[in-house]
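Welcome! Please take a look at the sequence and structure below, and then we can walk through some of the features together.

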Amino acid sequence: MYTNIELIDSHRCFGGEQLRFKHRSEVLGCEMTFSLFLPAGVQSPPVLIWLSGLTCDDQNFVTKAGAQQYAADHGLAILAPDTSPRGEGVPDDPNGAYDFGLGAGFYLNATEAPWADHYRMYDYLCSELPALVTAELPVDMNRCSISGHSMGGHGALTIALKNPGVYRSVSAFAPICAPSLCGWGEKAFSHYLGGDRQRWAEYDASQLVGKAQERLPVLVDQGDADQFLAEQLLTQRLVDAAAAADYPMTIRLQAGYDHSYFFIATFIGEHIKFHAKNLL
């Protein structure tokens, strides 16, 4: 049935199918997994790509967010890739830290050794994985939106801003809005990209907004009780950048919500409705 992917898990879910695959990635030089929800009764459904955050893989969102019910209602597929390359020979943080290395690919193309051989998540997500999914699975990658959480919110925003004409809409939960200015981003960027901050700017949403060639529909939710808001997420930087660029974005501060999947589960239905409006 499949040529270049292998089905490793399958579950009936809200009338559709929650699937998990593995495949060999030539871009990343390792075996990768990804998950896909297919709604029932829809031929070639449009696709919402979900990018997860630090420490996560392709399963966190699938099992915790409750998104399949809303995707089924709107006839959307959800594609959830992993957050980094993995496997034997893929380098990791030597101290085993959670915010760098495995599980922390930051959705960029590394340029520095030893990371550059494997940490090319940007090319994987923008080129290799969409082509693979198009060739192997019954979805319409030409109708595509993108979303994510934390590090994945950073990835969703930067990928959408850098690729005009590819995505119909973009949303994020608690994104890292200015990674060039926060501890998580500075650690990752200095290792993956080296000391040239001009390279960093290529993966910083707050700096890309002013260069954007199109005005996509954007929805961002941020909890005001998020323990990472002040030091790592820097949401106000994105608010200010969008205002300066006259880029309309809906950025909502949600009272009492933290950084957890309880926050995502609360508002994921609204985000999927937002994307469905733009995809359908």
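Is P85 buried or exposed?

## A residue in a loop

P85 counts as buried, because its relative accessibility is 0%; buried means under 20% relative accessible area, exposed over 50% and partly exposed in between, with a 1.4 Å probe and protein chains only. You will find P85 in the loop between β5 (77-81) and α3 (121-136). Helices (H or I, at least four residues) and strands (E, at least two) are DSSP runs, numbered from the N terminus.

The contacts of P85, leaving aside neighbours within four places in sequence, include L28, C30, M32 and V90; contact means heavy atoms within 4.5 Å.

## About the model

This is a predicted model, in which local features need pLDDT of at least 70 and side-chain atom pairs count only at pLDDT 80 or more, while totals for chains, interfaces and linings use all residues. Residues are numbered from 1 along each chain as its sequence is written, and side-chain values use heavy atoms, leaving out hydrogens and water.

## The sheet

An open sheet is formed by 9 strands in the order β1-β2-β3-β5-β4-β6-β7-β8-β9, with mixed pairing; two strands pair if DSSP finds at least two bridges between them. Its edge strands, β1 (6-13) and β9 (250-254), each pair on one side only.

Now follow strand β6 (residues 140-149): 8 of its 10 residues are buried, so β6 is largely enclosed by the rest of the structure. Strand β4 (residues 46-51) pairs with β6 in the parallel sense over 6 bridges, and W50 has S147 as its bridge partner in β6. Strand β7 (residues 170-173) also runs parallel to β6, joined by 4 bridges. Here S147 has S171 as its bridge partner in β7.

## Two helices side by side

The axes of helix α2 (residues 67-74) and helix α10 (residues 261-279) come within 9 Å and cross at roughly 30°. That makes α2 roughly parallel to α10, as angles under 35 degrees count as roughly parallel, over 145 as roughly antiparallel, 65 to 115 as roughly perpendicular and the rest as oblique. Axes are lines fitted to C-alpha atoms, for helices over the stretch in contact, and angles run from 0 to 180 degrees between N-to-C directions.

Which residues of α2 meet α10? They are A67, Y70, A71 and H74, and their partners in α10 are I268, G269, I272, K273 and A276.
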